[in-house]
Amino acid sequence: MSRTTTARSKRRAERRAGADYTGGVYGSMLAASVVAGAGALGSFPRAELVVLLLLTGVAFWVAHVHAQLFGARLAQQVPDRRLVLHVCRDEWPIVKASVPPAVVVAVSPLLGLDVRGALWLALCVAVVGQIGWSVAAARRAGASPRLMAVTASVNLLLGLLIVAFKIVLKH
């Protein structure tokens, strides 16, 4: 293995070790909320929901990057290219979390689901993602199995709250 490859592998391992999955949890909750709130979609409801999920994820990613760069960090240091890329990468899980529900909606006709079924499946996928991101974050932080179970339970309850909102909204 060359020195370049070793250095690159070391940097990747350091990035993974320092990864923050908060954005993934947040993005999954955001995706679940978008699905729960999606009511009267137009002529192409699946396509519209896929676009809505992805664009909402990107919009919130941009908002978080902006807040990180020009909120707390600006007081500490002037953002340079490296810092901007670092913040963009750290907040990217917000966008990543919107992809699985969007993919489910996109492939739902292949599963024989109508639009309503696609919405419910996407909501379930988003909630499962939320739980998964939270457990991954807890595990990465070195949490005990008990604490990982607690974070999974709390995120399940939050997800079920979003499901309850969907039921109340009746769409």
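From the N terminus on, the elements of the protein chain run α-α-α-α-α-α-α. That makes 7 helices and 0 strands, where helices (H or I, at least four residues) and strands (E, at least two) are DSSP runs numbered from the N terminus. The model is predicted, so to speak of local features a pLDDT of at least 70 is needed, and side-chain atom pairs count only at pLDDT 80 or more, while totals for chains, interfaces and linings use all residues. Residues are numbered from 1 along each chain as its sequence is written, and side-chain values use heavy atoms, with hydrogens and water left out.

On confidence, the protein chain averages a pLDDT (the predictor's confidence in each residue, from 0 to 100) of 83, and 81% of the residues score at least 70. Where pLDDT is low, the predicted coordinates should not be read in detail.

Of the 171 residues, 32% count as buried, meaning under 20% relative accessible area, with exposed over 50% and partly exposed in between (1.4 Å probe, protein chains only). The accessible surface comes to about 10,300 Å², 66% of it belonging to carbon and sulfur atoms; areas come from the Shrake-Rupley method with a 1.4 Å probe, and for residues only the protein chains shown count as cover. Taking contact as heavy atoms within 4.5 Å, residues 24 or more positions apart account for 73% of the contacts with a separation of 6 or more.

Now for the interior. A nonpolar core is a set of buried Ala, Val, Leu, Ile, Met, Phe, Trp, Tyr and Cys residues joined through side-chain atoms within 4.5 Å. The largest has 20 residues, of which A32, V35, L49, L53, V105, L123 and V127 touch the most other members. Two or more residues each come from α2 (22-37), α3 (45-76), α5, α6 (115-140) and α7, and α6 gives the largest share, 6 residues. V127 is in contact with A32, G159 and V163, leaving aside neighbours within four places in sequence. A second, separate core of 8 residues includes W61, V87, I94 and V95.

Helix α7 (residues 145-169) has 25 residues and should span 36 Å, in agreement with its end C-alpha atoms, which are 36 Å apart; the expected span is 1.5 Å times one less than the number of residues. Among its buried residues are M148, N155, G159 and V163.

As for cysteines, C88 is buried at 18% relative accessibility, whereas C124 is partly exposed at 42%. The disulfide count is 0, a disulfide being a pair of cysteine sulfur atoms within 2.5 Å.
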